[in-house]
Amino acid sequence: YDYEGASIVLSKAQKISPKSYEIYRGMGLIEFRKANYKDAILFLEKANKIYPNDVETLTLLAKTYSKQNNYSLAQKNAVKAVELDRSNAAAQISYAKMLSQFEGVEKGISYLNYLINQFSYSIELRQAMAEIYEENQNYLESCNIWEQIKEADAKNKKAFLGLGTCYQGQA
């Protein structure tokens, strides 16, 4: 990915439209992907100040604060994102992963199971569950879920990659 090129384009756009929260969110996303969480937070907080009800910004803030092990701010942003849009899968997944990281794997998994009971069609929620298990080196459970996803969607690339990681972790 051309982070430098994207940063240049967004900087030019920011000069034209300095009050655009989308531009600041984009800059924050670039820094997040570069694992530069301190700068990501600066940009994302600017975006949030301009438009405090943007679910995408709040979700990314929650993920970024989680990466910095800042539970209170991760929770604050994840909860607000979910409250604003309960049907937003990315916000729900971010909240579940935050629960898993700070309150234990069972809390995150339990929350995802609750959501899956409500939105049984969502493969994204199952993927998040497999990822949580995988992050906590529970490869058996992760493989089981990736297998279920593969059965439901035989062309799901994430399922095949997840299975590869699981099998590698079990070896």
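Between the C-alpha atoms of Glu135 and Ser100, which stand 35 residues apart along the chain, the separation is 10.0 Å. The model is a predicted one, in which local features need pLDDT of at least 70 and side-chain atom pairs count only at pLDDT 80 or more, whereas totals for chains, interfaces and linings use all residues. Residues are numbered from 1 along each chain as its sequence is written, and side-chain values use heavy atoms, with hydrogens and water left out.

Glu135 also belongs to the lining of the largest pocket, where Lys63, Ile93, Lys97, Glu131 and Glu135 lie nearest the centre among 25 lining residues. Pockets were defined on a 1 Å grid over the protein atoms alone, as open sets of points with protein on both sides within 12 Å along at least five of seven lines, in contrast to a cavity, a set of points where a 1.4 Å probe fits but cannot get out; lining residues have an atom within 4 Å of a point. The space in the largest pocket comes to about 610 Å³, a volume being the space filled by probe spheres set on the points, with grid points joined across faces, edges and corners. At least two lining residues are supplied by each of helix H4 (55-67), helix H6 (89-103), helix H8 (123-135) and helix H10 (157-170). By class, this lining comprises nine nonpolar, eight polar and eight charged residues, with Ala, Val, Leu, Ile, Met, Phe, Trp, Tyr, Cys and Pro taken as nonpolar, Asp, Glu, Lys and Arg as charged, and the others, Gly among them, as polar.

The second largest pocket holds about 250 Å³ of space and has 13 lining residues, of which Leu29, Glu56, Thr59, Leu60 and Lys63 are nearest its centre. Helix H2 (21-33), H4 and H6 each contribute at least two residues to this lining, which divides into six nonpolar, three polar and four charged residues.

Along the principal axes, the C-alpha trace spans about 50 × 35 × 30 Å. Buried residues account for 43% of the 171 residues, and the accessible surface, computed by the Shrake-Rupley method with a 1.4 Å probe, amounts to about 9800 Å², of which 50% belongs to carbon and sulfur atoms. Of the contacts (heavy atoms within 4.5 Å) between residues at least 6 apart in sequence, 45% join residues at least 24 apart.

Asn48, in helix H3 (residues 37-50), is buried, with a relative accessible area of 13%, and touches Thr57, Leu58 and Leu61 when residues up to four places away in sequence are not counted. Thr57, found in helix H4, is likewise buried, at 0% relative accessibility, and with the corresponding exclusion of residues up to four places away its partners are Tyr21, Arg25, Leu44, Ala47 and Asn48.

Ala35, in the loop between H2 and H3, has a phi of about 65° and is partly exposed, with a relative accessible area of 46%. Asn69, in the loop between H4 and helix H5 (71-84), has a phi of about 60° and counts as exposed at 56% relative accessibility. Within helix H5 lies Leu73, which is partly exposed at a relative accessible area of 28%; Leu73 and Lys19, 54 residues apart in sequence, are 24 Å apart in space from C-alpha to C-alpha.

Technical notes
Helices (H or I, at least four residues) and strands (E, at least two) are DSSP runs, numbered from the N terminus. Buried means under 20% relative accessible area, exposed over 50%, partly exposed in between (1.4 Å probe, protein chains only).
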